[in-house]
Amino acid sequence: MQKRFFAFLLFVTLVPGMRLAAQGKNTQQVEAAVKKLTRAMLDSDVPVLSALASPKLTYGHSSGKVQDKAEFLASFKTGASDFTKIDIKDQTIYFVNNTAIVRHLLDADTNDNQQPGHTTLKIMTVWTKAGSKWLLIARQAVKALPQ
């Protein structure tokens with residue numbers, strides 16, 4: 001009876017620590033995926049963007065336009081989306097099972113369709129874990145209000 005109690009106590013003590021370690025690893029993986037996405041957007045690297053995006057991607061812009069994966073990739077192929085600078089600030093990551101919800105402030109210079117511009121957006125991305133890889137399944141942007 002005493003052995004069972006100590007085994008139970010050990011289990012109750014160790015399991016939360018294991019969950020925190022797993023969550024820490026997932027956080028690092030999602031942070032790396034966000035950085036990889038940002039770099040690929042800057043470089044218009046369509047193969048990397050394709051590898052990071054879920055086949056079911058829904059990509060929402062602050063204008064209200066929503067793209068699927070093919071449309072998202074095409075915008076980088078054609079130059080309709082062209083980032084020349086991207087700064088990410090105030091990033092937070094929340095997990096619900098195998099889903100990560102990432103929020104951050106994006107400050108970017110653009111050259112969409114050869115037209116220089118600047119935008120500051122609040123971004124929410126949703127990532128899902130597929131095997132050992134995190135895939136972007138959804139993104140929504142809203143214009144950041146002036147401070």
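The largest pocket is lined by 20 residues, and His61, Ser62, Ser81, Phe83 and Asp112 lie nearest its centre. A pocket here is an open set of points on a 1 Å grid over the protein atoms alone, with protein on both sides within 12 Å along at least five of seven lines. Lining residues have an atom within 4 Å of a point.

A word on the model. It is predicted, so local features need pLDDT of at least 70 and side-chain atom pairs count only at pLDDT 80 or more, while totals for chains, interfaces and linings use all residues. Residues are numbered from 1 along each chain as its sequence is written, and side-chain values use heavy atoms, with hydrogens and water left out.

Back to the largest pocket. Its volume is about 410 Å³, where volume means the space filled by probe spheres set on the points, joined across faces, edges and corners. α3 (69–78), β4 (99–112), β5 (115–130) and β6 (133–143) each supply at least two lining residues. Helices (H or I, at least four residues) and strands (E, at least two) are DSSP runs, numbered from the N terminus. The lining splits into 7 nonpolar, 9 polar and 4 charged residues. Ala, Val, Leu, Ile, Met, Phe, Trp, Tyr, Cys and Pro count as nonpolar, Asp, Glu, Lys and Arg as charged, and the others, Gly among them, as polar.

Next, the second largest pocket. It has a volume of about 160 Å³. Its lining includes Asp90, Arg103, Lys122 and Gln140. β3 (83–96), β4, β5 and β6 each give two or more residues to that lining.

A cavity is a set of grid points where a 1.4 Å probe fits but cannot get out. The largest cavity holds about 90 Å³. Among its lining residues are Val34, Leu37, Met41, Tyr59 and Arg139. α1 provides the largest share of that lining, 4 residues. The lining divides into 8 nonpolar, 3 polar and 1 charged.

Now the rings. How many aromatic pairs does the structure hold? The count is 4. Rings of Phe, Tyr and Trp (its six-membered ring) pair if their centres lie within 6.5 Å; planes under 30 degrees apart are stacked, over 60 edge-to-face, and the rest tilted. Tyrosine 59 and phenylalanine 72 have ring centres 4.4 Å apart and planes at 35 degrees, so this pair is tilted. Tyrosine 59 sits in strand β1 (residues 53–60) and phenylalanine 72 in helix α3, so the pair ties together parts 13 residues apart in sequence. Both residues are buried, with buried meaning under 20% relative accessible area, exposed over 50%, and partly exposed in between (1.4 Å probe, protein chains only). For phenylalanine 76 and phenylalanine 83, the centres are 6.4 Å apart and the planes at 25 degrees, so that pair is stacked. Tyr59, Phe72, Phe76 and Phe83 form one aromatic cluster.

Last, the core. The largest nonpolar core has 28 residues, and Val30, Leu49, Phe72, Phe76 and Trp127 are among those with the most contacts inside it. Such a core is a set of buried Ala, Val, Leu, Ile, Met, Phe, Trp, Tyr and Cys residues joined through side-chain atoms within 4.5 Å. Its largest share, 6 residues, comes from α1. Leaving aside neighbours within four places in sequence, leucine 49 is in contact (heavy atoms within 4.5 Å) with Leu37, Ala40, Met41, Phe72, Leu73 and Phe76.
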